[in-house]
Amino acid sequence: AGTQGGPAGDLYVQVEVRDHPIFTRQGEHLYCDVPVSFVDAALGGELEVPTLDGRVNLKIPAETQTGKQFRLRGKGVDVTQVRGGGVGDLYCRVVVETPVNLSSKQKDLLREFAGETSEKNRPKQTSWFEGVKSFIDSLPD
């Protein structure tokens, strides 16, 4: 009701959404980065991923690269009560972690591993170098 018998007015509500330490939101969809070990990325594995409803298992296929995104349907924000929307999805982006604080044995094993790899084992590096070479070759003399 308005003051001093005046007509009814409007109610304005301002809502601020704080940043979340794990998720970012775009509409009904959520996004998060998931750290994956080098071994799990190369050989495949499974890890627990947090959602708004609890944890779910995410299967990481062998040879997963950094930046690969996995979609978990229906694990985003439920906006069914707001303007007739639905439930969003959760998108998990893989971030392959490089090991740190390696022992001398671990370093030796990685050097041995590096000696056994070839260009066919590094598709992104190979295509990147091919792109750079193509770019340089296309430059005028």
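**Contacts, fold and charge pairs in the predicted model**

In the protein, 47% of the contacts between residues at least 6 apart in sequence join residues at least 24 apart, a contact being defined by heavy atoms within 4.5 Å. The structure is a predicted model, in which local features need pLDDT of at least 70 and side-chain atom pairs count only at pLDDT 80 or more, while totals for chains, interfaces and linings use all residues. Residues are numbered from 1 along each chain as its sequence is written, and side-chain values use heavy atoms, with hydrogens and water left out.

The secondary structure consists of 3 helices and 6 strands, arranged from the N terminus in the order β-β-α-β-β-β-β-α-α. These elements are DSSP runs numbered from the N terminus, with helices (H or I) of at least four residues and strands (E) of at least two. The radius of gyration of the protein is 25 Å, whereas a compact globule of 141 residues would have a value near 14 Å. The radius is taken over C-alpha atoms, and the globule rule is 2.2 Å times the number of residues to the power 0.38. Along the principal axes, the C-alpha atoms fill a box of roughly 85 × 50 × 30 Å.

Of the 141 residues, 18% are buried. Residues are classed as buried under 20% relative accessible area, as exposed over 50%, and as partly exposed in between, with a 1.4 Å probe and protein chains only.

The protein carries 17 positive and 20 negative side chains, and the centres of the two sets lie 2 Å apart. Lys and Arg count as positive and Asp and Glu as negative, whereas His and the chain ends are not counted. Each charge is placed at NZ of Lys, CZ of Arg, CG of Asp or CD of Glu. The count of salt bridges comes to 4, a salt bridge being a side-chain nitrogen of Lys or Arg within 4 Å of a carboxyl oxygen of Asp or Glu.

One of these salt bridges pairs Asp 89 with Arg 71, with the closest N and O atoms 2.7 Å apart. Asp 89 lies in the loop between strand E5 (69-72) and strand E6 (90-97) and Arg 71 in strand E5, so the pair ties together parts that are 18 residues apart in sequence. Asp 89 is buried, at 5% relative accessibility, whereas Arg 71 is partly exposed, at 41%.

A further salt bridge is formed by Arg 111 and Asp 108, for which the closest N and O atoms are 3.2 Å apart. Both residues belong to helix H2 (residues 104-116), where their spacing of 3 residues corresponds to about one helical turn. Arg 111 is exposed, with a relative accessible area of 55%, and Asp 108 is partly exposed, at 46%. The side chains of Glu 48 and Arg 55 also meet in a salt bridge, with an N to O distance of 3.7 Å. Here Glu 48 is partly exposed, at 48% relative accessibility, while Arg 55 is exposed, at 62%.

Positive phi values occur at two residues described here. Glu 63, which is not a glycine, has a positive phi of about 65 degrees. Glu 63 is placed in the loop between strand E4 (54-60) and E5, and is exposed at 64% relative accessibility. Asn 101, likewise a residue other than glycine, has a positive phi near 55 degrees. Asn 101 lies in the loop between E6 and H2, and is exposed with a relative accessible area of 77%.

Two residue pairs relate sequence separation to distance in space. Val 79 and Glu 28 are 51 residues apart in sequence and 6.6 Å apart in space, C-alpha to C-alpha. Val 79 is located in the loop between E5 and E6, and counts as buried at 14% relative accessibility. For Glu 116 and Asp 53, which are 63 residues apart along the chain, the C-alpha atoms are separated by 44 Å. Glu 116 is placed in helix H2, and is exposed with a relative accessible area of 65%.
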